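Let us walk through this model strand by strand, then turn to its charged pairs. Keep the sequence and the structure open side by side.

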Amino acid sequence: DSRWRFSEFAGDNTYIDFPDITQVSPGKGYWFLVTEPARIIDTPGGTSFSTAEPFRVLVRPGWNLIGNPFNFVIPASNVLLQLSAVELRTFNGSWNNPISDPVTEIRPFEGYAFFFDDFVNREIFIDPDVPVTGSLAKATSSTAKEISWSIHVQATFQQPRDVDNVAGVALQASETWDPLVFPAPPPIGEYVSVYSAHPEWRTRTERFCTYFRPAAESATPPLGASPLRQSGHIRE
């Protein structure tokens, strides 16, 4: 209903819209939705940050939106939470597929989402120290090599679409949350959503866009057995 919308993510699927946003802070990500693409946005001059040390960003439990505070590409592995790299998601008309198309770098003026399951605020560190030779290669996630088979589920409704859903069987999968299971990112505006619900895991989210089961001991059904027809549910 608007030509544009500028929003700050406030957690728990809630947003603060301009002009109620108090300030735009480096290292944070924002939603900027427009009905007319390829428009030019003019801004005054900015200030560079020192590259002598990592840039710190305060984040809350659950989903967060962050951005690159430096004017050059940084490997995603340089974004650290408690000395561990975080799994980033990016949006370009739809969320990226974390299995086949993982985020390997963060670019200036692009926003990224990530989730962490905790109860207190933390700091992430964006380290500007990047390799001086070669380019940052985009590779398939190493977790994809563990997958025995998978199915890719997409949903569209007019313009909204949800295409980052993957389910299957993997060698290292467990019955609970593991590195192959990714939470479903928060929606904004009009949307369609497909997810796997797991309230029994008692995490800060119950919605997951990927889900893998461990491989069965035998893939051959007993003699005379009939294959089971699996049913799925789409929830808006």
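Which residue in E2 stands opposite Phe9? Tyr15 does.

Before going further, a word on the basis. This is a predicted model, in which local features need pLDDT of at least 70 and side-chain atom pairs count only at pLDDT 80 or more, while totals for chains, interfaces and linings use all residues. Residues are numbered from 1 along each chain as its sequence is written, and side-chain values use heavy atoms, with hydrogens and water left out.

Strands here are DSSP runs (E, at least two residues), numbered from the N terminus. Two strands pair if DSSP finds at least two bridges between them. Three strands form an open sheet in the order E2-E1-E3, and the pairing is antiparallel. Strand E2 (14-17) and strand E3 (31-34) each have a single partner strand, so one side of each has no neighbour in the sheet. From one strand to the next, the twist averages 35°. That angle is taken between axes, which are lines fitted to C-alpha atoms; angles run from 0 to 180 degrees between N-to-C directions. Strand E1 covers residues 4-11 and pairs with E2 over four bridges, in the antiparallel sense. In general, strands of a sheet pair through backbone hydrogen bonds, either parallel or antiparallel.

Now move along the chain to another sheet. This one is open too, with four strands in the order E4-E11-E7-E8 and antiparallel pairing. Strand E4 (55-59) and strand E8 (84-85) are its edges, and each pairs on one side only. Inside the sheet, strand E7 (residues 79-81) meets strand E11 (residues 122-126) over three bridges, again antiparallel. Look for Leu81: its bridge partner in E11 is Ile124.

Go back to strand E1 and find Glu8. Is Glu8 buried or exposed? Glu8 counts as buried, because its relative accessibility is 12% and buried means under 20% relative accessible area (exposed is over 50%, partly exposed in between; 1.4 Å probe, protein chains only). Contact means heavy atoms within 4.5 Å. Leaving aside neighbours within four places in sequence, Glu8 is in contact with Thr14, Tyr15, Ile16, Ile21, Lys28 and Tyr30.

One of those contacts is charged. The side chains of Glu8 and Lys28 form a salt bridge, at 2.6 Å from N to O. The pair links distant parts of the chain: Glu8 sits in strand E1, Lys28 in the loop between E2 and E3, 20 residues apart. Lys28 is partly exposed, with a relative accessible area of 29%. A salt bridge is a side-chain nitrogen of Lys or Arg within 4 Å of a carboxyl oxygen of Asp or Glu. Side chains of opposite charge can pair when their charged atoms come close.

How many salt bridges does a search of the whole structure find? It finds seven. Another of them joins the side chains of Glu36 and Arg3, at 3.5 Å from N to O. Glu36 lies in the loop between E3 and E4 and Arg3 in the segment before E1, so this pair ties together parts that are 33 residues apart in sequence. Glu36 is partly exposed at 34% relative accessible area, whereas Arg3 is exposed at 54%.

Finish with Arg107 and Glu105. Their side chains meet in a salt bridge at 2.6 Å, N to O. Arg107 is partly exposed, with a relative accessible area of 37%. Glu105 counts as buried, at 13% relative accessibility.
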